[in-house]
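Here are my notes on the side-chain contacts, written as numbered points. Have the model open while you go through them.

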Amino acid sequence: MSYFVEVVLPLALDKTFTYQVSEAEYEFLQKGMRVAVPFGKNKSYTALAIDLHRNEPLLYKAKEIHQILDEVPVVNEFQIEHWKWVADYYMCGIGEVFKTALPSGFLLESETIISAPQETYADSKELEDDEFLIWQALQQQSSLKVEDIMAILGKKNVFPILNRMLAKNVLTLQEEVIEKYKPKVTKYIRLQPEFLQQQQLSELLELLSRAPKQRELVLQYFQLQATEKKPISVKKLIEISGAGQAAVKSLVDKAVFEEYHLSEDRVRFEKSEDSGFELSDPQQIALNEIKDSFEKQSVSLLHGVTASGKTEVYIKLIEEYIQSGKQVLYLLPEIALTVQLVSRLTAYFGNQIAVYHSKYTNNERVEVWQQVLQNSEKAKIVIGVRSALFLPFSNLGLIVIDEEHEQTFKQFDPAPRYHARDAAIVLAAAHRSKVLLGSATPSLETYYNVQSGKYGLINLTERYGKVLLPEVFLVDLKDKYKRKRMKGHFSDTLIEAISESLSLGEQVILFQNRRGYSPFVECMTCGHVPQCPNCDVSLTYYKYKNQLRCHYCGYSIANPTHCHACQSVDLSTKGFGTEQIEMELRELFPEKNIGRMDQDTTRGKYGYEKIIDAFREQEIDILVGTQMLAKGLHFDNVTLVGIMNADNMLNQPDFRSHERAFQMMMQVAGRAGRSEKKGKVMIQTYNPYHNIIQQVTTNDYMGMYKEQVYERHNFKYPPFYRLVKLTLKHRDFDKLKEGSMWMYNVLTQSLQIPVLGPEEPAISRIRNEYIRTILIKIPQKSHLGNTKKMIRKIGSSFEAIPQYRAIRVSVNVDNY
């Protein structure tokens, strides 16, 4: 009887593979275990067992697996089913989901190990110089890795040399899978038991009278033991005593101390004693309404104005769930937000919290994964960005999705192009758990589900502590420029407001959703604008580095001194970004500290934390930033928020631009006046009578919602139609044009639903690849599954045509 295992490989393949296993392996193997399988020439890859059966594959002969890598499953049944749903709904390979979901510390590839054959090679004179060096190294060491060979020869491409030596039978190659994750081990020290008695201790101290450092070390050990009442690490003992490693080693050699090792978590959180709080009456009412809503519906929306204290409501709700033994997932849109939130939640819950995002190292992520898998006390609450959705929860009770309207919950590249909010709701249904969505400006789709009775609704209409909402002032830029009341990009009104706030010792936030100094440099003689040679975009100017840079491919050149087209030296920057605002502020307020928070200043692991901490400690007076500033951050001393140019957001070529502009402005405005002092918001715009800007001034969410839903219905957009966007890319413009036209014609004839395109997007070439997009609008009455099957079928037919095979097609379901 043959036994088989169905596996998923972390490759962009839309299928699973079947391998043969022995009866003993079949008995031991379980779903969710990793196995090393042969794939390609001389390679082993990590695969995940998702099914065990006895059905031999019909189309190919099943190979045998190399080894089972785990003793217990690292993935549970809930995850496997959820991954299958993500792959099916978002039209991607399950291997792609597997690769995204698992920390890369779990995804092992085999390493090529080079060793000498059993019969020693006699005639070394026949070897070439490079071969001789490798042969000589193998005489000294039993085995070498490929990178060792590269170091010995000082070359990157060593495989031709290894192949020649293989042919001469000078060496052998074998593949080994090596675990990447290494637990953190700390060295501790303790006194040998016989010295715990008074007499022996006195004798010991007498004996050490001639070694003052060792004697000091022993005395410090006793002092630490009396105060700490916990194991003493060698590192801490050396720090406090001022002795060196040699003194510790001498005492260990004399059998006075004994060294031992303990595995430790890389990330630990401490609970604060004064972290307790009471909910206000509106918060308590909201909490009770959430519980009532959960009785009837599994998903509810908490629609609370900015600074209404939604986080405190979440904390009290989470507390009830973890007391009942359940796990809680707290999803956030940005890593920047986790910094402030983690400090607030850890102060309350202590080391019951695990944090999971891409700024963590591989080892840290593997540790969090294992803690969640074991349902550990250290991971009762998981705070993370969208990737935390794939953790191995087995007892999930509640998912909180904060700032649910944020577009960063949607992954655009690479596949799977999933939306974390929607995928979380499906995951919660599998666990039979509850979902709480929170936002001051909910997305239209979510609010539409509330209006249609699918989700529950809880309103929190007043700010915590009865703090008033900020007052919004509009500044007409057209009028200010006409009257010559501008200094750079600042109107006199905004400068006055900033000066007033700073004179009162208050802080200011300025928002400009574009980084760099200016979007492009233009020749004033001929109008030439330097372009990226690889992408269809102008180069952004960075004054600090004095260079022009492409935000899409990273191409950069030194800032030109003359025009490349007409040699004129009359060059001018157009538009402005955060860097330019920062420089103008330094001129306007030279005595004040100016900070900037954008993608360029927050690159390191602690980039966000340093800026946020400095601003909270009032080391920074004015903080300039992009959309990172708009989300859920809380600063007590900020009373003024300035939006430098509101029109940028309104004029994007996107059906959601008005909704997004409203959300962005409301969220940025919400950073002002969050404690006793009343806040002020200044919006600079060329179009102060625009509907959206007027709705922001009056905080009229319902007005915006009704207007946008009416337009969406008229123009066949979500939530009334589902969207599937196909993106086609190729280096040959004509071939792409022809292929995209073929795809469009077949889709139109086969689907009989609205298909738009093939369209050149606003940026039609990136990294030397031309781009065409096709948008498929699926009505609610059409069967979504059957439509997707038809799109997949057409995609397979497209790939089967030889001249179109090189065109890359990516599918993005719910691309908004």
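1. Start with Arg421 and Glu404: both are buried, where buried means under 20% relative accessible area, exposed means over 50%, and partly exposed is in between (1.4 Å probe, protein chains only). The two form a salt bridge, with their closest N and O atoms 3.1 Å apart. For that label, a side-chain nitrogen of Lys or Arg has to be within 4 Å of a carboxyl oxygen of Asp or Glu.

2. Before you go on, keep in mind that this is a predicted model, in which local features need pLDDT of at least 70 and side-chain atom pairs count only at pLDDT 80 or more, while totals for chains, interfaces and linings use all residues. Residues are numbered from 1 along each chain as its sequence is written, and side-chain values use heavy atoms, with hydrogens and water left out.

3. There are 24 salt bridges in the structure. One of them joins Glu77 and Lys31, at 3.8 Å from N to O. Glu77 lies in helix 2 (residues 77-89) and Lys31 in the loop between helix 1 (23-28) and strand 3 (34-38), so this pair ties together parts 46 residues apart in sequence. Helices (H or I, at least four residues) and strands (E, at least two) are DSSP runs, numbered from the N terminus. Glu77 has 43% relative accessibility, so it counts as partly exposed; Lys31, at 32%, also counts as partly exposed.

4. Now find Arg712 and Glu445, whose closest N and O atoms are 3.3 Å apart in a salt bridge. Arg712 sits in helix 24 (residues 701-714) and Glu445 in helix 16 (residues 444-451), so the pair links parts 267 residues apart in sequence. Both Arg712 and Glu445 are buried. They also belong to a salt-bridge network with Arg656 and Glu659.

5. On to the rings: Phe, Tyr and Trp (its six-membered ring) pair if their centres lie within 6.5 Å, and planes under 30 degrees apart count as stacked, over 60 as edge-to-face and the rest as tilted. That rule gives 22 aromatic pairs. Trp83 and Phe98 make a tilted one, 6.0 Å centre to centre with 35° between the planes. Phe798 and Tyr804 have centres 5.3 Å apart and planes at 15°, so they are stacked. Phe798 and Tyr804 are both buried.

6. Last, look at Arg549, whose charged end sits over the ring of Tyr542, 4.1 Å from its centre. The test is NZ of Lys or CZ of Arg within 6 Å of the ring centre and within 35 degrees of the ring normal.
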